[in-house]
Every structure is written in C-alpha cells, then in structure tokens.
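Work through the exercises below with the sequence and the 3D structure at hand, and try each task before reading its solution.

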Amino acid sequence: MDDGSFIKAMMKPARYDNCVLATMQGGSTPYGLIDDASIIVRDGVIAWCGPSAGLPGEYCDMDGIDLGGRLVTPALIDCHTHLVYGGNRAREFEMRLNGASYEEIARSGGGILSTVMATRELSDQELRARALARVDALMADGVRVFEVKSGYGLTVDDEIRMLRIARDIAALRPVTVKTTWLAAHALPPEYKGRADDYIDEIVIPGLELANAAGLVDAVDGFCEDIAFSSAQIERVFQAARRLSLPVKLHAEQLTDQKGALLVANYGGLSADHLEYLHKDDVPIFAKSGAVAVLLPGAYYFLKETKLPPIADLRQHNVPMAVATDCNPGSSPIFSMLMALNMACVLFGLTPEEALAGATRNAARALGLEGQYGTLTQGAFAEFAVWNVDHPSVLAYEVGARALHQIISHRSNA
C-alpha cells in the first residue's frame, strides 16, 4: 500500500502502462473503461491515452512505468465543502438524536451560529491546521480538487480571512482549491431582524473587497426559511454578475424556495442539496445546464426523509455531482468514497453515476470541465491509481482505503 504517495511533476514526457482506465468521458462504454491501457503525459497534460496496442509510434520506444494492472481514474473532486471552521457540534448531534430538529437548533442560537463563534475565536494558524487535517483525510480517498466556502465568519474581515486560509491550503498541499464567497450563510446575532442590512453592509461590500483581492472564484448563499429569502439571494447574485463571478446556491435543502430556478435564471454553476426541488421545476433547471450537486452526507446526518428527485434529474439529463459537504453541523464526513456509497445506497445512483459525480460532473460544477475529472487528451495529468479490479468497488466498499497512489504532474506535487 502506497497510500497517498506522489510521483512528482516531470516536464519531460512520461508513459504509464499495464493499467485499466476509467476515463469517465461518458458515452456508451460504462465508465469509459479501457483494458490493458497506456497513458502518455507531456508538459503536465495527458497527450494520449488508450489501449496499449494502439500506442502511437512516437511513444513506443519510451520507457514506461508499470502500474501493475491496477485501475486508474481521474483524481477525485470534492465540489462542495466547508473545510475552514472552528469547534464541533457533537452536542447538537446528540440533541437531534433526542428529538430536536435542525431548524429548532438553529433558531435557538445553535447550528451555524455556534460554529461562527468558534471560528471567530481561533487564530489563523489554528484554523489552517484544522483545515489541513480535514484535507489530508480527504486526500487519502483520492481527492485532489476541492471547493472551499467561507460562511463561518459573517463579518467582512472574518469571511475574507476564511478565503485566505482556504487559498493557503493549495500552497501547503498538492491540491487545487476553488474558493466560494458564502457570507449569505446565516444571519449573525448582531444583525438579528435586519437581514437586508446584513446583505447591504456585509455580504455585498465584503464580496467586492474579496474579489478585488483575488480571493473569490464563485458566489454562494443559503436560500431557506432559516437563512435568506430568494429576493435577498438575488441581490447577492446581481452583485456577483456585476463582478463577472459565477454563482451557485444551497437550494431546496429544507423547503422549496425556488432557489434552483434562481440559479437557472443567472446561468449558475450548480444548485446543491435539492431534496425539496419540485419535479415540475426540473425541466426548467435542466435547460440552464447547471449541475445538481447531491450531498448525501447531510441527508443522512440530518435523518432527512425526502429524497432529491433523482429520477426526474436523470430523465432530463441534468448532470449530477456528488460531494461530501464536509462541515461540522450537518455533514461531518471526511471520506469521498463514503459519499459515493451514500449516494448509491440512499439516493439510488448507480456506481457509475456516483463516480461521474466525483469526477466529470464535479469538475463541471466548479467550472473546470475539460481540465479535471476525465482522462482525456488535454486534461491535466493528475490521476488516481486504485487497488481494485473494477470502478464499482469504489462505491461499494466502505473504509477499505483503496487508493494505491496519486500520479500528479502538477508543479506543486
């Protein structure tokens, strides 16, 4: 077992042989499987991949690295996380098991606000160290691309601080990090009863400052009865549009607020959760091309009973991503492979759909389509080598630590 080890970036051409590729390109072949395959890497990207028998002549005399017949997939992508935070909410977990609802805990001052207080109290160094420990756990499951949200600071300075720490992760680990402005996550105590003022005084001005500092890749919000209305979120989206930033949204997790339609109207990247998305809204959402990001960890942890409309999303060809939603309150999940298993067992995805959700469709949800998430010519050369005989095993086994190694030709590997 060479768990999480790296073959460092090499600018000269490299060849990898004797592997089974799950290219995850889509199409008629399940998983895009290619037996007895080879991969050629040049200048950090995949120059060629396919059956070894079809290797182009210019590469035939190259020395190859034997991968021992192992499965190779794109490195995994966790496209929805809240990795930077302080404290934990184990006591609230216990309260829910004793009958309290998520909404009741939130309205009594718990929930997100308790994490906000814990996050504000920690130093940058402490927050960074705790975030890195979570990243390390997810890296052990083959994840090399992360989306990381703010949302536990709820002041301009603390929200920007969270994004700076998220960006630090990519300097301290061989990963790609996309940062998301989520100041419209909850209403802090100092703005109780003044949600519109909070949008005007913190969310939008802070977004402008964070964007000017080069810290924002996308803009998110929490559109719910216990958070912000669709009208308030639309004002945030309008600010994002002025700044030419893509949007995404925590939508339809607890109630139907028509957040997914708002995402569609603004040409957003994704709508995430979607348990309460009405089936009649799916065709409209589908036309936007946005991704439905499924978060089975939150569904499981909150003991939700209403399923996302998977059959309707499938019928209308909505790309479905799967993510951990790693956070202290509703999804303290630190395993991407566990999220794949949950997506299959709880939501009825096939193992192929689940793996596509952590590769090809997750890349699309982050605006990284074509760069990450598939093994195809021109994609970045970063792939996972697994000690399994078929990609379905990745969603089947729980806790097996199937990763053999990551091969990465990124400059900071």
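This is a predicted model, in which local features need pLDDT of at least 70 and side-chain atom pairs count only at pLDDT 80 or more, while totals for chains, interfaces and linings use all residues. Residues are numbered from 1 along each chain as its sequence is written, and side-chain values use heavy atoms, with hydrogens and water left out.

**Exercise 1.** Find the element that holds Asp-158, and decide whether Asp-158 is buried or exposed.

*Solution.* Start with the element: Asp-158 belongs to helix 5, which covers residues 156-172, where helices are DSSP runs of H or I with at least four residues, strands are runs of E with at least two, and both are numbered from the N terminus. Next, take the relative accessible area of 17%, which makes Asp-158 buried (buried is under 20%, exposed over 50%, partly exposed in between, with a 1.4 Å probe and protein chains only). Finally, leaving aside residues up to four places away in sequence, Asp-158 touches Arg-120 and Gly-153, a contact being heavy atoms within 4.5 Å.

**Exercise 2.** Describe how the rings of Tyr-198 and Phe-228 are arranged, and which parts of the chain they tie together.

*Solution.* A pair of aromatic rings is described by the distance of the centres and the angle of the planes. The rule is that rings of Phe, Tyr and Trp (its six-membered ring) pair if their centres lie within 6.5 Å, with planes under 30 degrees apart counting as stacked, over 60 as edge-to-face and the rest as tilted; by this rule there are 8 aromatic pairs. For Tyr-198 and Phe-228 the centres are 5.9 Å apart and the planes stand at 15 degrees, so the pair is stacked. Because Tyr-198 lies in helix 6 (residues 195-212) and Phe-228 in the loop between strand 9 (218-223) and helix 7 (230-242), the pair ties together parts that are 30 residues apart in sequence. Both Tyr-198 and Phe-228 are buried, and together with Tyr-191 they form one aromatic cluster.

**Exercise 3.** Classify the pair formed by Tyr-372 and Phe-380, and then the accessibility of Tyr-372 and of Phe-380.

*Solution.* The ring centres of Tyr-372 and Phe-380 are 5.1 Å apart and the planes are at 55 degrees, so this pair is tilted. Turning to accessibility, Tyr-372 counts as buried because its relative accessibility is 12%, whereas Phe-380, at 34% relative accessibility, counts as partly exposed.
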